[in-house]
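Subject: Structure for you to look at

Hello,

Here is the structure we talked about passing on.

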Amino acid sequence: MGKNRTRKVGITGKYGTRYGATLRKLLRKVEVSQHATYRCTFCGKDSVKRTNAGIWSCKSCKKVVAGGAYSLSTASAVTVRSTIARLRKIQSESA
């Protein structure tokens, strides 16, 4: 009986009927991503968890990384990283 209590709403079941369905759906996406474990870029294990807003630490290799508030890397950070790599490539080809 108790296992299907929050089958539809998931982690946002704690809010009950408050705040509206659309806001709870948006919040669910954020909360699921912030509580998930991510792959460490240093050791390759799925052991990176959020400690504070924007601070992510790997339980395996004890590395601490700054990232997004709710997910390890943001869309703008990915764009910046690829742009820097592209500019470095152009610079190394011209030199």
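The notes below go through the sheet, the core, the helix and a few backbone angles.

This is a predicted model, in which local features need pLDDT of at least 70 and side-chain atom pairs count only at pLDDT 80 or more, while totals for chains, interfaces and linings use all residues. Residues are numbered from 1 along each chain as its sequence is written, and side-chain values use heavy atoms, with hydrogens and water left out.

The sheet

Helices (H or I, at least four residues) and strands (E, at least two) are DSSP runs, numbered from the N terminus. Two strands count as paired if DSSP finds at least two bridges between them. By that rule, four strands make an open sheet in the order β1-β2-β3-β4, with antiparallel pairing. β1 (38–39) and β4 (64–66) are at the edges with a single partner strand each, so one side of each has no neighbour in the sheet. In general, strands of a sheet pair through backbone hydrogen bonds, either parallel or antiparallel.

β1 and β2 are joined by two bridges, and Arg39 has Asp46 in β2 as its bridge partner. The hairpin of these two strands has six residues between them, and Gly44 there takes a positive phi near 85°. Between β2 (residues 46–52) and β3 (residues 55–58) there are four bridges. Asn52 is the bridge partner of Ile55 in β3, and Val48 stands opposite Cys58. The hairpin of β2 and β3 has two residues between the strands, and Gly54 in the turn has a positive phi of about 85°.

The core

A nonpolar core is a set of buried Ala, Val, Leu, Ile, Met, Phe, Trp, Tyr and Cys residues joined through side-chain atoms within 4.5 Å. Buried means under 20% relative accessible area, exposed means over 50%, and partly exposed is in between (1.4 Å probe, protein chains only). The largest such core has five residues: Cys40, Val48, Trp56, Cys58 and Leu72. Contact means heavy atoms within 4.5 Å. Not counting residues up to four places away in sequence, Leu72 touches Tyr38, Arg39, Val48, Trp56 and Gly67.

The helix and the surface

Helix α1 covers residues 21–35 and includes Leu26. Gln34 is also found in α1. Is Gln34 buried or exposed? Gln34 is buried, with a relative accessible area of 14%. Leaving aside neighbours within four places in sequence, Gln34 is in contact with Arg50, Trp56 and Tyr70. Leu26, in contrast, is exposed at 52%.

Most residues other than glycine have a negative phi. Tyr19 lies in the segment before α1 and is exposed, with a relative accessible area of 55%. Lys62 is in the loop between β3 and β4, and is exposed at 64% relative accessibility.

Regards
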